[in-house]
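Ready for some practice with helices and sheets? Work through each exercise with the structure open beside you, and try each task before reading its solution.

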Amino acid sequence: MKNKRRKLMIAGAMAPALLSLPGRALAQASDHYKGKLVIVNIAGSAAGGHTRFARMLAPYLEKYLGAKELRLVNMPGGGGLKAANHIWRLKPGANEVYFGNVSTLLLANMAGSPGATFDPTKFMFLGRATSEPRVLTVGGKSAIRSVADIQKLKRPFVFPSQGTDEDFYTMAVLSDALGFQLKAVTGYEGNADTSLAVIKGDGDGHITGWSESLGAIRSGDKYPVMMVTSQPSPDYPKIPVVTQIAPAAKKGVVQAMATILETHRSYIGPPTMDPAAVAAFRAAVNAAMKDPALQAESTKGERLLSPMDGAVQQKAMVELARSSTALSPILKAAVKAIQ
Amino acid sequence: MIEAIGSGLAALLTPQALLFLFIGVIYGLVIGILPGLGGVVAMALLLPFTYGFETAATLALLLGAHIATIWGDSVTSILFSVPGSAKGLALCFDGYPMTKQGKAKRALAASATGALMGGIIGAIFLALCIPLIRPVILALGPSEYLMMALWGLTVIATFSEGSLMKGLTASVLGVLVAFIGMDVVTATPRFTFGSEFLMDGISFPVAMIGLFAVSEMMKMSIRGTPIIDRSLVREDSTVWQGICDAVGHWWLVIRSSLLGLWIGVLPGVGASVAGLAAYAQAAQTSKTPERFGKGAVEGVIAPDATMGANEGGGLMPTLAFGIPGGESMAILLVAFIGLGVVPGPEMLTKNLDLVFSMVWIIVLANIAVTVIGLGITPWLARLPSLQANLMVPIVLSVCFVGAYATRGRIEDVVVAAVFGVVGYLMDKYRYSRANFVIGMVLAVMIERNLHISLNLYGNDFLLDRPIALAMLLFVVFTAALPFLRSWRRRRAAGRGA
């Protein structure tokens, strides 16, 4: 009894230290990068959303990596393919990683895009920073108010798009799964352009990140029809979720698509990345995400975090590659249709 | 509304806001003068330093820097034929010939005064048009953007003097270069030869640095004399002449400013097209179009007035819909979110004082840029008379650093060098470099908007889009105007004889 009490007392005394162990262990793991220069290649322009997140995360990541400098380099182009190709070709020992939209890489590869010279599942997944839910919106004055309305249209659903990027592929999968005709009008310059086209009524609707359309939804310029996520969310309970609407035969395809979209903004490293470097980077990302100062900054700046451990992502990628084989022919057909 | 105008100005009259405006303007001038860097880079670099300050001060810093880059661009275009960004291209056409004729001070002063007048006229009309902004934006679409691009294309004839065939050949070459990369419509690689670098296309500012700046430096080093040899050409112009030029051409300034405002409101059209369209209307409505391309001061005033007014128009899609019309506006949107301001329809009703603060920032920043610009013009005008052995290494270094800075890729330095050789050969054999870049700027815009118009509205889209049809008739009329004038002159001369 005396021994048990003593053990409890020791355990009690050690508890605070044990509770802080993950943080300490993480700090130790980042010794791999101690005093080194780490380059984060952002797959987007200096003004884009990826850069905003990368800049917010950089000081915390630098701190937990213990790096001499964490340098952010913008590498826009090809919807992230250029940065991904760059990372794919890195020689062993290069302290460079990719930060940007991972779902685009997966989709481009499945669609057989000539710009994708990599196998996305072979990248080293180092941790997700955020995953913004995607929403299908229509114009505020549109007669369409639900997916059923889209299915009942006696003409194709006109979808203004930049080209073969993430929303194009997503829309192709939705059209196949939910059984409506789609007319993709490609060539728009960016999301601003496609948003205006939807608001004006030139196009029926498009897919964006939730925060991107939130202002227009609040002002009545856009109307949300469906969330393209794997799970319903308490933040928008009245908007149906694609995985609930899809017919049973197509649930698998839709689920795979939603899971791909949820990979969103992540850090990835080259396939040749040293396992010790992978472990240290993953630990540093995890530690940064738990930093109260970062969490406060993200809340204040409305750049919400939704972290996922890199090791968990890596396992999910293997599963995803298996389950998403049905997506490939749909995506290839969609690309062929606009060429 | 009058109350909002007053409170918008009052918010700016704090020591912090005025200081930030001044810092932004100085910083923007420096960034603008560096080739390859423009308003987007200026704002992106400032953004992390803006949190925690007054709303008006933050906007003064960002917008002040953005506006100052415009005249910064113009300076290098006029003095060295080095457009700092796509916006400054039209300034090379007549600004640089003026410098070579010993009229650098006059050109710089006309440019600064034109930009000031354009900025103020643009801001006034912007304030008056605020209630109409949303309906106007909603009424315009890809067909109208297509017409704007076609208008820019009509300027090709201005630079084809001597041989229309050579002028058209240069334009077609520009179009072909613009098509390098991923096809914007079908996402198919074009002319990329399996190169990943070429998949993103040839960067327009890099091509311009090569075609104009590098080729001019090649010419200068071969010749061994400065841009202006003071023993042959004296700098006999004055700053006052430039100011008088801009004020004297008030009707041109008003037309150009309204054009700039109009183009600014069209999201996605861009300031490079604004400069070209302004140049086109100045040349086509001039009674002596043959002077254009050879040092006509109107060719300097019109693009600057348009670009001065363009900034205010560019704010509108961002404010009215919360949709950024371009990269610089995307940065402004980030700043708004950081400040807790939500752009959208309510911005034009509930936050009208903030909108007017921005209008005032445009006015005050333009005044500050012009005062500083006119003050430093006499010193700037001396730069082109630097000896070639000093000038060539300095300008080439800045050019190649600028080419690298554009996208952070070493391949762009090679592209700038290649385009330098191309530009040198084109100039030597009298193929217009201006036509080359006009083809390059407008090709993708025309392709993109023609495709979307045909897809959305069908083959007879012009019948569905009355504004586009009216714009097309206007384009045809302005393109035909010089020919009509020439025909009338010949007829009058025939009667006289």
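**Exercise 1.** Find which residues of α15(B) meet which residues of α17(B).

Solution. Step 1: on the α15(B) side, look for Gly308(B), Glu311(B), Gly312(B), Leu315(B) and Leu319(B). Contact here means that the C-beta atoms, placed from the backbone, lie within 7 Å.

Step 1: sort this contact by class, and you get 6 nonpolar, 3 polar and 1 charged residues. (Ala, Val, Leu, Ile, Met, Phe, Trp, Tyr, Cys and Pro count as nonpolar, Asp, Glu, Lys and Arg as charged, and the others, Gly among them, as polar.)

A note before going on: this is a predicted model, where local features need pLDDT of at least 70 and side-chain atom pairs count only at pLDDT 80 or more, while totals for chains, interfaces and linings use all residues. Residues are numbered from 1 along each chain as its sequence is written, and chains are lettered from A and ligands numbered from 1 in the order in which they are written.

**Exercise 2.** At what angle do α15(B) and α17(B) pack, and how far apart are their axes?

Solution. Step 1: the angle is about 160 degrees and the axes are 11 Å apart. Axes are lines fitted to C-alpha atoms, for helices over the stretch in contact, and angles run from 0 to 180 degrees between N-to-C directions. Helices (H or I, at least four residues) and strands (E, at least two) are DSSP runs, numbered from the N terminus.

Step 1: that angle makes α15(B) roughly antiparallel to α17(B); the term is used for angles over 145 degrees.

Step 2: the crossing is right-handed, meaning that the near helix is turned clockwise from the far one by less than a right angle.

**Exercise 3.** Describe how α4(B) packs with α15(B).

Solution. Step 1: helix α4 (residues 55–80) of chain B and helix α15 (residues 298–321) of chain B have axes that come within 10 Å and cross at roughly 160 degrees. These two helices are therefore roughly antiparallel.

Step 1: the residues in contact include Ile67(B) and Ile70(B) from α4(B), and Val300(B) and Met307(B) from α15(B). The whole contact divides into 5 nonpolar, 3 polar and 2 charged residues.

**Exercise 4.** What is the strand order in the open sheet of 6 strands in chain A, and which strands stand at the edges?

Solution. Step 1: the order is β2-β1-β3-β10-β4-β11, with mixed pairing. Two strands pair if DSSP finds at least two bridges between them.

Step 1: β2 (69–74) and β11 (308–309) of chain A each have a single partner strand, so one side of each is left without a neighbour in the sheet.

Step 2: β4(A) and β11(A) pair in the antiparallel sense over 2 bridges, with Arg128(A) opposite Met308(A).

Step 3: Helix α12 (residues 275–290) of chain A lies across β3, β4, β10 and β11, running at about 10 degrees to β4(A).

**Exercise 5.** In which sense do β6(A) and β7(A) pair, parallel or antiparallel?

Solution. Step 1: β6 (residues 157–160) and β7 (residues 182–185) of chain A pair in the parallel sense over 4 bridges. Pro160(A) has Val185(A) as its bridge partner.

Technical notes
Parallel < 35°, antiparallel > 145°, perpendicular 65-115°, else oblique. Contact = placed C-beta atoms within 7 Å.
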